[in-house]
Protein chains: 2
Amino acid sequence: MVEAPVADASRPRLTRERVLRRAVDIADAAGVEALTMRRLADELGVEAMSLYHHVRGKGGILDGAVELVLDELAAAADTSAVPAQDGGWRAAVRARLLAARTVMLRHPWAPDVMAARSVMTLGAARHVDAVVGLMRDGGLSYDLVHHGLHALGSRMFGFSPEIGEPDAGDQQGADALAGMAELVPHLAAMLAEVAHDDASTLGWCDDQAEFEFGLDLVLDGLDRLARGSSAAGDGRG
Amino acid sequence: MVEAPVADASRPRLTRERVLRRAVDIADAAGVEALTMRRLADELGVEAMSLYHHVRGKGGILDGAVELVLDELAAAADTSAVPAQDGGWRAAVRARLLAARTVMLRHPWAPDVMAARSVMTLGAARHVDAVVGLMRDGGLSYDLVHHGLHALGSRMFGFSPEIGEPDAGDQQGADALAGMAELVPHLAAMLAEVAHDDASTLGWCDDQAEFEFGLDLVLDGLDRLARGSSAAGDGRG
DNA sequence: ACCTGAACACCGTTCAAGT
DNA sequence: ACCTGAACACCGTTCAAGT
């Protein structure tokens with residue numbers, strides 16, 4: 001009746017790999033705030049302290065979980081790669097970042113964790129390295145590539161943080177804005193018109209379309225600069 | 001010898017305003033993670049529970065602190081406003097977002113809090129409304145303005161989250177990258193060249209210059225689209 | 001109405017002890 | 001080497017009690 005306390009076949013040996021996989025699963029299903037040492041241990045059929053034998057604490061778990069996501073990203077980018085000559089570096093970079101996005105959409109917590117613990121991990125560096133390689137092969141100078149990485153910002157990893165604009169279905173945000181329509185007339189007018197035009201989405205914004213719009217704006221700008229046709233920044237220096 | 005317990009002249013009456021101001025001070029000086037109910041109360045010479053009579057808990061404090069920062073932003077944007085006709089909407093938007101940036105640089109925690117608790121507050125809506133107004137007056141359609149807001153992303157509020165690239169003086173990131181130089185050859189080569197060229201900053205990147213580069217890239221792209229000269233996004237739809 | 005002290009339900013983590 | 005239980009030092013917050 002009493003369960004065998006250790007070396008049970010129903011509880012395979014604890015492993016760094018198993019710990020991190022389960023951490024990703026929890027974050028996917030319930031968000032990072034639900035990813036606690038005690039819950040993670042519990043789901044693995046173990047005590048919280050046992051985890052410390054396989055990972056360097058909570059921080060190590062977050063870093064390791066992100067690294068698993070970045071492995072997924074690398075795999076997705078490989079399978080959806082575009083032939084280099086087929087539209088040039090621009091199409092190749094575009095395809096890679098859209099592939100990255102499909103992975104990040106499966107792990108919405110990953111961007112937040114990457115932002116909070118911004119260290120240059122191997123997985124992140126490899127992704128950036130691939131993009132740098134594509135741009136360089138396309139004839140961009142390292143200097144322009146460098147500016148380009150900054151201009152891409154978080155779009156580099158397939159997402160763009162949406163601040164200030166309510167998401168599709170954000171009823172609370174919609175109500176709040178409606179309540180202050182007379183205080184923000186331009187914004188209210190814009191949203192009224194856009195919401196009316198764009199019946200394809202439930203709410204106001206099609207995140208995927210907006211991501212691609214912003215991405216193309218940056219890639220087009222870089223392409224133009226690479227060709228030397230015009231200078232960005234006539235305002236200052 | 002014993003201090004008067006209440007109505008002491010050295011302890012002015014607790015007020016929502018005083019609570020929020022002190023919250024901003026703590027976050028500025030020690031980061032958001034140092035902003036706890038107990039510490040905040042302590043610095044105000046009061047018990048933690050007293051705060052609940054003036055704010056709606058920790059969340060209300062964070063929201064209120066951000067709102068104070070946005071008030072500062074509005075004031076800074078007003079004083080550095082550019083005449084509308086002087087370079088058109090582009091220069092006016094540019095000036096406002098650079099003004100926003102100077103404020104956000106004084107409160108580096110604010111972007112994180114805004115991202116974490118993304119509700120459309122009055123202060124945020126007013127800032128966005130001003131930008132929409134400038135663009136609209138410049139002749140952009142509401143539809144283009146809407147896309148433009150998404151493309152600007154967090155640059156709207158004067159910052160751009162830097163993921164994956166070590167900051168200036170990030171020795172740990174530098175060491176990490178040096179250790180995997182052979183695994184990320186393009187990235188290593190780029191950084192070696194850029195670091196050599198750019199002797200003006202201590203580290204690799206001049207954040208202000210990169211912010212302006214990205215901002216100008218987006219504004220130029222929008223301006224070009226408004227003039228109808230070329231389409232962004234030849235890749236898809 | 002405003003403020004307090006004790007307590008509750010959580011965190012991540014250290015430590016000494018088990019096998 | 002691996003896992004455990006109790007404990008520590010924190011959190012935000014509820015509650016009943018004070019003035």
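Student: What is the pLDDT over residues 229-237 of chain A, and how many contacts beyond four places in sequence does the model have for them?

Tutor: The pLDDT, the predictor's confidence in each residue from 0 to 100, stays under 50 over this stretch. The model has 17 contacts beyond four places in sequence for it, a contact being heavy atoms within 4.5 Å. This is a predicted model, in which local features need pLDDT of at least 70, side-chain atom pairs count only at pLDDT 80 or more, and totals for chains, interfaces and linings use all residues; side-chain values use heavy atoms, with hydrogens and water left out. Residues are numbered from 1 along each chain as its sequence is written, while chains are lettered from A and ligands numbered from 1 in the order in which they are written.

Student: And what does chain A average?

Tutor: Chain A averages a pLDDT of 85, and 81% of the residues score at least 70. Over residues 1-9 of chain A, however, the value is below 50, and this stretch has two contacts beyond near neighbours in sequence.

Student: New topic: at what angle do helix 10 of chain A and helix 10 of chain B cross?

Tutor: Their axes cross at roughly 100° and come within 9 Å; each helix covers residues 207-227. Helices (H or I, at least four residues) and strands (E, at least two) are DSSP runs numbered from the N terminus. Axes are lines fitted to C-alpha atoms, for helices over the stretch in contact, with angles from 0 to 180 degrees between N-to-C directions.

Student: What does that make them, parallel or perpendicular?

Tutor: The two helices are therefore roughly perpendicular to each other. Under 35 degrees counts as roughly parallel, over 145 as roughly antiparallel, 65 to 115 as roughly perpendicular, and the rest as oblique. Residues making the contact include A:Phe213, A:Leu217, B:Phe213 and B:Leu217.
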